[in-house]
Amino acid sequence: MRITDTSDQWWKTAVIYCLDVETFYDSDGDGIGDLQGLAQRLDYLGELGVTCIWLMPFYPSPQKDDGYDVSDFYGVDPRVGTAGDLVEVIRTAHDRGIRVIADLLVNHTSDTHPWFKESRRSTDNARRDWYVWRSDTPPDTSDQVVFPDKEKGIWSKDAKTGEWYLHHFYAHQPDLNVANPQVRDEIARIAGFWLELGLDGFRVDAVPFFVEDVETTAKQGKRAKKDEADQNDDVVQSITPHQHLKDLRAFINRRNGAAIMLGEVNLPHAQQREYFGAEAGDELHMMFDFIGMQNLYLSMAREDARPLAKALMDRPPIHPSCQWATFVRNHDELTLDKLTDTEREEVFAAFGPDPEMQIYDRGLKRRLPPMLDGDPRRVRMAYSLLFSLPGTPTLFYGEEIGMGEDLAGEGRHAVRTPMQWSPDASGGFSKASTRRLVRRPTPGGFGPEHVNVVEQRTDPDSLWTFMRHLVQTYRSCPELGWGDFTLLRQYAPQSDSVLAHQCSTGEAAVIAVHNLGAEPCTVTLDVSEWTKDGDVALADLLSGGEVVTDDGSLEVVLEGYGHRWLRVHPVGDLRIP
């Protein structure tokens with residue numbers, strides 16, 4: 001396989017970097033990050049090796065949910081800039097070989113959105129069926145709420161008409177009725193608008209909720225007038241829950257053949273495969289691997305690689321054009337909902353024992369370095385593992401320097417503190433006084449005084465330098481995005497703390513070996529498939545040098561929390577870093 005063979009499906013070997021414009025860099029000193037500030041920092045992201053930026057919501061919003069409560073899908077929040085500023089960011093990023101995707105929020109709107117204001121005026125309003133309403137008293141739905149500390153159910157009564165509207169999230173975020181063809185057309189129009197301005201795709205928020213709302217509407221969305229009810233019945237019968245995703249992907253790729261949809265789908269594996277489009281691969285291009293992430297933390301808590309190994313082996317087969325997005329941290333709480341109660345308590349005990357570190361009794365409001373007590377061996381092992389897993393690595397801003405969290409921040413705000421550029425009080429994020437900042441800087445030992453870009457960029461031993469090397473090495477290894485994943489058999493003595501796997505294209509492979517335990521160990525791996533014509537040499541991609549096989553076996557020495565990347569390659573292959 002040649003590298004040029006993979007260029008048309010760029011997302012399979014991308015390095016994605018998620019950032020919130022309002023907390024990244026403030027160019028005008030008002031205490032709020034802005035698009036002009038982001039444009040000034042694009043060279044930094046290019047130097048790091050980022051190939052795709054994921055922008056968190058920048059749309060006009062009442063900001064009751066950090067911008068995820070949108071009041072205008074076609075606008076830019078004036079606090080962060082203008083549409084012209086956004087176009088300049090996209091153009092500047094493209095000039096540097098960086099693609100830009102943004103959150104596409106099509107499950108719900110803000111209750112201040114003009115559509116909902118019209119919808120709640122009367123039961124026969126033209127936009128009534130743009131949302132999901134019911135006239136009968138709903139049953140207890142407390143077990144279905146996303147934020148159990150804030151909401152008691154997923155239906156709220158509206159005083160104007162006396163009916164209830166659906167909201168899987170907050171009451172101020174009413175769910176759109178995706179069963180309505182007018183709503184589906186408007187969603188496509190929104191996507192088309194931003195593609196026309198230059199975006200390269202979307203991270204699609206809360207995908208299962210708006211897909212499954214088609215079924216919810218079939219049960220609850222009947223209108224009072226029979227002719228309208230009949231019309232809705234026809235609509236519901238004419239679209240399956242997944243047809244909307246298929247139609248949306250087809251529309252997006254007609255407008256831009258290289259654009260992607262990266263979906264948030266935190267479901268069991270069998271259902272995840274459906275959201276890829278099963279055998280056809282015609283729904284989401286990419287999907288976050290929540291199950292792999294959660295079992296990574298369980299493995300690190302136990303210092304036992306087996307939970308992660310099982311999660312990776314249990315991944316369903318997906319279409320060649322689709323891809324998993326791997327991550328160790330994102331912008332939300334670090335959810336552990338797919339672990340058993342006992343497993344979750346193990347992770348809590350290891351990485352978040354205090355109640356203030358936990359959120360909704362199902363996740364953590366922490367970043368990785370503080371969870372690992374700042375141990376550079378464990379932090380680097382975790383990120384080495386992330387970049388070597390089959391899939392596309394996704395970073396959350398500040399991970400490259402080891403930022404921490406503000407546990408005093410409410411909920412998800414704990415990990416959405418300002419980016420730390422320099423060691424001054426505001427972290428170089430803004431010239432405004434700290435009391436005027438959109439969010440206070442990270443306090444304590446992981447704050448800007450101790451963790452910042454300026455000091456790490458010139459330090460050859462810093463986490464930033466390590467991450468940059470890791471990114472560059474990953475980008476030179478298309479096998480990690482395109483190859484077939486297998487676990488490597490260990491000869492005796494085996495070590496449960498070691499994960500040894502390879503990603504192979506048949507003619508070349510990357511073998512990665514990670515020790516999740518504190519004790520040094522030596523493992524002997526079966527690599528006989530590569531030694532049929534005699535022993536081979538493997539290039540050590542991270543440390544340099546070579547490792548030689550011995551009669552079909554490979555001995556790898558690992559320090560505590562050690563890691564190695566080894567490439568099996570044809571003789572004379574010039575793709576060795």
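**Pockets, burial and backbone in a predicted model**

Q: Welcome! To start with the largest pocket: what makes up its lining, by class?
A: In this predicted model, the lining of the largest pocket has 12 nonpolar, eight polar and 12 charged residues.

Q: Which residues lie nearest the centre of the largest pocket?
A: Val-146, Phe-169, Phe-209, Asn-266 and Arg-362 do, out of 32 lining residues. The volume of this pocket is about 690 Å³.

Q: What is known about the volume of the second largest pocket, and how many residues line it?
A: Its volume is about 430 Å³, and 20 residues line it. Nearest its centre lie Ile-318, Trp-324, Gly-483, Asp-484 and Phe-485.

Q: Which elements give two or more residues to the lining of the second largest pocket?
A: They are helix 11 (306–313), strand 10 (323–326), helix 17 (479–482) and strand 15 (484–487). Helix 17 gives the most, with three residues. By class, this lining is made of 12 nonpolar, five polar and three charged residues.

Q: How do you know whether the chain agrees with a compact globule?
A: Set the two values side by side. A compact globule of 577 residues would have a radius of gyration near 25 Å, and the chain has 24 Å, so the two agree. Along the principal axes, the C-alpha atoms fill a box of roughly 80 × 55 × 50 Å.

Q: What else describes the chain as a whole?
A: The chain has 17 helices and 23 strands, and buried residues make up 63% of its 577 residues. Among contacts with a separation of 6 or more, 70% are between residues 24 or more positions apart. The chain exposes about 21900 Å², of which carbon and sulfur atoms supply 48%.

Q: Why is His-319 called partly exposed?
A: The range for that label runs between 20% and 50% relative accessible area. His-319 has 26%, so the label partly exposed applies. His-319 sits in the loop between helix 11 and strand 10. Beyond four places away in sequence, His-319 touches Ala-278, Glu-279, Ala-280 and Gly-281.

Q: Why does Pro-57 count as buried?
A: Buried means under 20% relative accessible area, and Pro-57 has 11%, so Pro-57 is buried. Its place is the loop between strand 2 (52–55) and helix 3 (83–95). Leaving aside neighbours within four places in sequence, Pro-57 contacts Gly-67, Tyr-68, Asp-103 and Leu-105.

Q: What makes the phi of Glu-303 worth a look?
A: Most residues other than glycine have a negative phi. Glu-303 is not a glycine, yet its phi is positive, about 55 degrees. This residue is in the loop between helix 10 (290–302) and helix 11. With a relative accessible area of 28%, Glu-303 is partly exposed.

Q: Is Tyr-561 buried or exposed, and how do you know?
A: The cut-off for buried is under 20%; Tyr-561 has 6%, so Tyr-561 is buried. Tyr-561 also has a positive phi, about 60 degrees, although it is not a glycine. Look for Tyr-561 in the loop between strand 22 (553–558) and strand 23 (563–568).

Q: What kind of peptide bond joins Ala-492 and Pro-493?
A: Most peptide bonds are trans. The bond between Ala-492 and Pro-493 is cis, with omega about -5 degrees. Pro-493 lies in the loop between strand 16 (490–491) and strand 17 (498–504).

Key. Residues numbered from 1 in each chain as written. Predicted model: local features only at pLDDT ≥ 70, side-chain atom pairs only at ≥ 80, totals over all residues. Heavy atoms only, no water. 1 Å grid on protein atoms, 1.4 Å probe; cavity = no way out; pocket = protein on both sides within 12 Å on 5 of 7 lines; lining within 4 Å. Points joined across faces, edges and corners; volume = space filled by probe spheres on them. Nonpolar A, V, L, I, M, F, W, Y, C, P; charged D, E, K, R; others polar. Helix = DSSP H or I, 4+ residues; strand = E, 2+ residues; numbered from the N terminus. Rg over C-alpha atoms; globule rule 2.2 N^0.38 Å. Buried < 20%, exposed > 50% of the residue type's maximum accessible area, 1.4 Å probe, protein only. Contact = heavy atoms within 4.5 Å. Areas by Shrake-Rupley, 256 points an atom, 1.4 Å probe, with all protein chains shown as cover.
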